[in-house]
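Work through the following exercises with the sequence and the model at hand. Each task is followed by a solution in steps.

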Amino acid sequence: MPTALLPSFLANTLDLGTARAAAALGVIEGVADGAGGAARFAGGPLADDPGRRRATAVGGYTTTAIFSSAIGLATAAWQVGVLRSVAWAARGVRGPSRNALLADIAPAAAYGRAYGFERAMDNLGAIGGPLLALGLVALVGVRTAILISVIPGTLAAAAIVIAVRLAPRLAQREPRPVRIHVRAVLRGRLGKLMFGIVAFELANVAATLLILRTTELIAPGQTYSRTAVLLYAGYNLAATLIAIPGGHLSDRRGASIVLVLAACAFTAAFAGFAFAGASVPLLAFLFVLAGLGIGVGETAQSAAVAAFAPVDLRGSAFGLVAAVQAFANLAASVVAGALWRAVSPEAAFLYLAGWSILAAIAFAVSMRARG
């Protein structure tokens, strides 16, 4: 809900206007992704210990719920940035623990489907969020709608508490020391995928910029478009529907081929956003392409980490890869936002398409190297 409403909140509620809101979004989302990346890297060693990873997951979900909804109280863009960054840092800390827990309980032959199911459920919530936000905005306004998001956020925190309690009991053991592992994680096949992952995430711009681009095209001069928010829901629907089939393909054919397909979808989507006009059907198709790319891309990356990382360092592996993803997302959002304001929206999206092409090439090379 806060993600869907953030462009309107900045441009309209805080009265920044479209151009300043685009630059602010790029910085806010980029810094938040950076904070999340640092937290994911720190959360990786915490997740190496089975007992510690459970407490980390619960605390991360709770903190994210509180600070995300508190954006509704902000009166300046810098306050939005601080709250978003804290929420994303908590989200980052919990990520490696949640993913390591999933690897503990899923059979190795079904990692792709397991992470595909997790991504599908995550994106299903992201479909309901924008749709719920549309109704709430009409009833109570943007600020209150963001504040109300604490309710589903709290339910998510309660759900992870229940999940942890129902997970297999831990054997009695001494807690593992918290240590950062990088070189050991990158040995073998996971290290060969890293350049492609970096390039892919350098193209993985915040979806809020897609919403803003659509608003600019179909409703010039306006700061809020219900159609753009609905198309964002379509983006999440595409990511939801493709995640499990993408995971199944990853289990059968390997993660590399799925990552090539994801990068190709990104390339087509961003090139389309660069040149598209005010055609809602075309923009809807581009949102779907971008959603397909992120749906299969995230699934295949998680499956690759679970399959290729050392078992006792899975937490560190998930944390390291997630940190690389987040810092690359920082560059994607900041640079795209700056290009939008300094040059043009077309330049911003062509920049993203260029990184997507490099990612597709890198994943194809890693696939051939395996063969």
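**Exercise 1.** Does Arg119 count as buried or exposed, and at what relative accessibility?

Solution. The model is a predicted one. The cut-off for buried is under 20% relative accessible area. Arg119 has a relative accessibility of 10%, so Arg119 counts as buried.

**Exercise 2.** Find the salt-bridge partner of Arg119, then follow the network that contains the pair.

Solution. Step one: Arg119 forms a salt bridge with Glu118, with 3.0 Å between the closest N and O atoms.

Step two: Glu118 also forms a salt bridge with Arg98, where the closest N and O atoms are 3.7 Å apart. Glu118 belongs to helix H5 (residues 111-140) and Arg98 to helix H4 (residues 77-105), and this pair, 20 residues apart, links distant parts of the chain.

Step three: apply the burial cut-off to this second pair. Glu118 is at 15% relative accessibility and therefore counts as buried. Arg98 is at 17%, so Arg98 counts as buried too.

Salt bridges link Arg98, Glu118, Arg119, Asp122 and Glu298. The count for the model comes to 7 salt bridges.

**Exercise 3.** Which helices hold Arg213 and Glu346, and how many residues apart in sequence are the parts that they tie together?

Solution. Step one: the side chains of Arg213 and Glu346 form a salt bridge, at 3.6 Å from N to O. Step two: Arg213 is in helix H10 (residues 207-218) and Glu346 is in helix H15 (residues 345-370), so the pair ties together parts 133 residues apart in sequence. Step three: compare each partner with the cut-offs. Arg213 counts as buried, at 2% relative accessibility, whereas Glu346 is partly exposed, with a relative accessible area of 30%.

**Exercise 4.** Describe the second largest pocket by volume, lining and residue classes.

Solution. Step one: the volume of the second largest pocket is about 200 Å³. Step two: its lining has 15 residues, and those nearest the centre are Ser250, Gly254, Ala255, Ala307 and Phe308. Step three: helix H11 (226-253) and helix H13 (280-308) are the elements that give two or more residues to this lining. Step four: by class, the lining of the second largest pocket has 8 nonpolar, 2 polar and 5 charged residues.

**Exercise 5.** Which residues line the second largest cavity, and into what classes do they divide?

Solution. Step one: the model has 2 cavities of 30 Å³ or more. Step two: the second largest cavity has a volume of about 40 Å³. Step three: the lining consists of Asn204, Val205, Leu210, Tyr235, Phe266, Phe270 and Ala290. Step four: these divide into 6 nonpolar, 1 polar and no charged.

Note on methods
Residues numbered from 1 in each chain as written. Predicted model: local features only at pLDDT ≥ 70, side-chain atom pairs only at ≥ 80, totals over all residues. Heavy atoms only, no water. Salt bridge = Lys/Arg side-chain N within 4 Å of Asp/Glu carboxyl O. Helix = DSSP H or I, 4+ residues; strand = E, 2+ residues; numbered from the N terminus. Buried < 20%, exposed > 50% of the residue type's maximum accessible area, 1.4 Å probe, protein only. 1 Å grid on protein atoms, 1.4 Å probe; cavity = no way out; pocket = protein on both sides within 12 Å on 5 of 7 lines; lining within 4 Å. Points joined across faces, edges and corners; volume = space filled by probe spheres on them. Nonpolar A, V, L, I, M, F, W, Y, C, P; charged D, E, K, R; others polar.
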